[in-house]
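Please keep the sequence and the model in view while reading.

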Amino acid sequence: METIKKNLTERRSRSMIQITDPRIEGYLMKLQPEDDAQILAMEEKAREMKFPIIDRLVGRFLHLLTRLKQPKLVVELGSGFGYSALWFARALGEGAKVVLTEYAEKNIAYARQMFEEEGLADKAEFRVGNALEIGQEYDNIDILFIDIDKYQYPAALEAMLPRLAQNALVIADNTLWYGRVVEENSNKDSEAVKRFNELMFSRSDFFTTIVPLRDGVLLSYRI
C-alpha cells in the first residue's frame with residue numbers, strides 16, 4: 001500500500017510544475033492588498049467552494065490591460081460566478097460593457113448580485129448557456145477572454161476569430177496548465193492547451209506572449 005501511495009504521489013508531482021514560487025506569490029499578494037468588499041467576498045466563496053477562479057494577481061493584470069486598451073466590448077468565454085468579469089468591469093469606461101457567459105444559472109445570479117452591489121450592473125450582460133454559442137452573437141470584440149473547458153480552446157479560437165475587432169486582445173487563462181504543457185504523454189485538456197498555444201504563436205496576424213503568472217496567461221494582440 002505504501003508503495004502505491006508513493007507512486008501516486010510521484011505521478012502527481014511530475015504532472016504539476018509550480019509555475020511561480022509560492023514565496024514570490026506571497027510577496028506579490030502583500031504588495032497588493034484589497035479592500036473591495038465584492039472582490040473579497042468572491043475570493044472567500046472560491047476558497048469555501050474550492051471553485052477555480054483567476055486569483056487577485058491575474059485580476060489586477062486584467063484590470064491594467066483593460067485600462068490601457070479602453071475597450072468598448074469585452075466578451076468572456078467562461079465566467080464562473082463573475083470574479084474575472086468584475087476586474088474587467090471596474091476598469092471599463094463610459095458606455096463599455098463586459099459579457100459574462102456561464103452554463104450554471106446560480107453562478108450568473110451570484111455574479112449579478114455582486115455587480116449590483118458594486119454599482120456596475122449597467123456595464124455587464126449576464127448570459128446563461130453555451131459560451132461558444134453566445135460568444136458568436138457579438139461582433140467587434142475588443143477583448144476576448146477565454147477560460148472555458150481546456151479541450152475547447154482551439155475550437156474557441158476558430159469560432160471567435162471572425163468576431164474580433166481590429167487590434168483586439170485575446171487573453172486566455174491556464175495556458176501553462178500546471179506545467180503539463182511540457183509533458184509528452186498528456187490528456188486531451190493538456191493537448192488542447194498546447195495546440196491552442198501553438199496556433200496563437202504561429203499566426204502572423206497576432207503578436208503573442210505568455211506571462212508565467214499563476215497558471216500562465218496568454219496575451220495576444222491582433223496586428
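Is the crossing of H4 and H5 left-handed or right-handed? The crossing of H4 and H5 is right-handed, meaning that the near helix is turned clockwise from the far one, a left-handed crossing being anticlockwise by less than a right angle. The model is predicted: local features need pLDDT of at least 70 and side-chain atom pairs count only at pLDDT 80 or more, while totals for chains, interfaces and linings use all residues. Residues are numbered from 1 along each chain as its sequence is written, and side-chain values use heavy atoms, with hydrogens and water left out.

Helices (H or I, at least four residues) and strands (E, at least two) are DSSP runs numbered from the N terminus. Two packed helices are described by the angle between their axes and the distance between the axes. For H4 (residues 56-69) and H5 (residues 83-91), the axes come within 8 Å and cross at roughly 35°; axes are lines fitted to C-alpha atoms, for helices over the stretch in contact, and angles run from 0 to 180 degrees between N-to-C directions. On the H4 side, the contact (heavy atoms within 4.5 Å) includes Arg56, Leu62 and His63, and on the H5 side it includes Tyr83, Trp87 and Phe88.

H8 (residues 153-160) and H9 (residues 188-202) also pair, with axes that come within 7 Å and cross at roughly 35°. Tyr153, Pro154 and Leu157 of H8 meet Ala192, Arg195, Phe196, Leu199 and Met200 of H9.

H6 (residues 105-118) has a buried side. Asn107, Ile108, Tyr110, Ala111, Met114 and Phe115 of H6 are buried, that is, under 20% relative accessible area, where exposed is over 50% and partly exposed lies in between (1.4 Å probe, protein chains only). These residues are on the same side of H6 because they cover an arc of only 160° around the axis, the arc being that of the directions from the helix axis to the C-beta atoms. Their cover includes helix H3 (37-49), H5, strand E2 (97-102) and strand E3 (124-128). On the other side of H6, Glu105, Lys106 and Glu116 are exposed. After H6 comes Gly119, with a positive phi near 75°.

Another glycine, Gly78, lies in the loop between strand E1 (73-77) and H5. Gly78 counts as buried because its relative accessibility is 13%. Apart from neighbours within four places in sequence, Gly78 is in contact with Thr101, Ala131, Asp147 and Ile148. Its C-alpha is separated by 20 Å from that of Leu64, 14 residues apart along the chain.
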